[in-house]
Amino acid sequence: MNALPATFGTTDNFAEAQAVLVRSASMHELDLPESLLAVARAGAGVNNIPLDKCAEKGIVVFNTPGANANGVKELVIAGMLLAARDIRGGMKWVADNKEDANIGKTMEKAKNAFAGTEIKGKKLGIIGLGAIGVLVANAAVGLGMEVIGCDPYLSVTNALHLSTKVELVKSNAEVFAQCDYITVHVPLLEDTKGMINRASLSMMKDGVVILNFARDLLVNDDDMQEALESGKVKKYVTDFPNAKTANMDGVIAFPHLGASTEESEDNCAIMAAKQLVDYIENGNIINSVNYPACDMGVCNKPGRIAVNHKNVPNMISQLTGAFASENINISDMLNKSRGDFSYSMFDIDSPSTQAVADKLMAIDGVIKVRIIK
Ligand code: MLT
């Protein structure tokens with residue numbers, strides 16, 4: 001599979017790269033080369049990338065929301081089933097007794113030890129109804145579960161994809177209080193870190209199952225251990241084990257396998273590569289996590305210039321003034337902001353010149369100027 005146009009070369013030498021495609025490798029300690037224009041994470045989480053450092057240098061960071069959602073959804077469902085019945089214990093029993101010539105009979109006595117419950121009719125709470133949360137919600141409805149979800153940032157697109165059988169609630173507290181299974185699908189941010197902790201666990205039903213296919217630090221490990229030991233939590237299913245949780249009784253852990261399917265890996269790589277190509281070739285930003293979305297399609301004017309800059313007053317007039325001072329007419333423009341950073345695109349009626357690019361670059365607060373055409 002190659003999602004790159006023939007004009008794009010590839011390199012393993014980070015120091016000379018203009019664009020980087022990364023999965024789980026940490027980029028926090030790397031020196032970011034001057035040549036670097038963009039980074040695309042083949043996945044949703046971006047905690048392996050220094051977003052602010054990149055933004056300060058005008059490096060746009062992309063992710064691929066939704067591209068691996070089905071792979072993760074399927075493993076979440078598997079996680080619920082593994083928590084509901086002792087499938088692993090039963091499999092181990094068969095492996096341990098495989099030499100028994102009478103296994104077909106002895107298992108009928110042994111199987112009682114591995115009996116469990118069904119998930120049909122149980123209540124599942126979903127915290128975070130992004131691409132993955134919505135797919136999990138709909139699949140659980142299909143399996144006969146009662147589903148409630150909470151997401152103060154629910155997008156119109158995700159809302160439209162959500163089964164009408166999913167009840168939306170206003171607070172996580174409602175999810176904590178009502179559910180037999182709780183699954184978290186939120187990014188790891190300062191205000192989500194440790195959201196499953198002693199206080200939230202104390203609101204939950206006894207014997208609740210917690211599923212974490214998002215990031216390990218969303219859960220406070222010590223509080224989880226206490227809750228597992230007391231029986232408050234029946235099982236903690238996680239795709240992000242660490243040295244503590246991997247050693248806890250009651251934990252069902254996978255080695256970050258949610259998106260490790262052929263389909264998810266291909267979808268993420270293709271989406272990430274397409275976004276990088278569109279940014280390099282056209283200057284368009286789609287699905288960035290540190291710069292605003294800004295899309296002017298393919299340029300059909302003689303010139304296009306893209307500017308990464310600080311989100312500060314008087315910037316637009318200075319940028320447009322630079323074009324005016326070079327007697328260049330702007331035929332179309334787009335300016336968008338996200339937090340401290342902004343991005344402006346200018347389609348112009350004559351081919352771009354280095355002189356106007358230099359004038360733009362000289363403006364205080366401008367981080368990067370790129371001649372696209
Ligand atoms: C994600 O954030 O989407 C996953 O961590 C992707 C992966 O498994 O690399």
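Which residue just after H10 takes a positive phi? Select Gly-283, where phi is about 80°. The coordinates belong to a predicted model, in which local features need pLDDT of at least 70, side-chain atom pairs count only at pLDDT 80 or more, and totals for chains, interfaces and linings use all residues. Residues are numbered from 1 along each chain as its sequence is written, and side-chain values use heavy atoms, with hydrogens and water left out.

**Helix H10**

Next, select residues 262-282, which form helix H10. Helices (H or I, at least four residues) and strands (E, at least two) are DSSP runs, numbered from the N terminus. H10 has 21 residues and reaches 30 Å from its first C-alpha to its last, close to the 30 Å expected at 1.5 Å a residue; the expected span is 1.5 Å times one less than the number of residues. Within H10, colour the buried residues, among them Cys-268, Leu-276, Val-277, Tyr-279 and Ile-280.

**Salt bridges**

Side chains of opposite charge can pair when their charged atoms come close. A salt bridge is counted when a side-chain nitrogen of Lys or Arg lies within 4 Å of a carboxyl oxygen of Asp or Glu. By this rule the model holds 14 salt bridges.

Begin with Glu-108 and Lys-111, whose closest N and O atoms are 2.6 Å apart. Glu-108 is partly exposed at 43% relative accessible area, and Lys-111 is likewise partly exposed, at 49%.

Move to Glu-146 and Lys-123, a salt bridge with its closest N and O atoms 3.5 Å apart. This pair links distant parts of the chain, 23 residues apart: Glu-146 belongs to strand E5 (residues 146-150) and Lys-123 to strand E4 (residues 123-127). Glu-146 is partly exposed at 43% relative accessibility, whereas Lys-123 counts as buried at 14%.

Then display Lys-244 and Asp-222, which meet in a salt bridge at 3.0 Å, N to O. Lys-244 sits in the loop between strand E9 (233-238) and strand E10 (251-253), while Asp-222 is in helix H9 (residues 221-230), so the pair links parts of the chain 22 residues apart. Both partners are partly exposed: Lys-244 at 42% and Asp-222 at 43%.

Finally, select Arg-198, Asp-223 and Glu-226 together; a network of salt bridges links these residues.

Technical notes
Buried means under 20% relative accessible area, exposed over 50%, partly exposed in between (1.4 Å probe, protein chains only).
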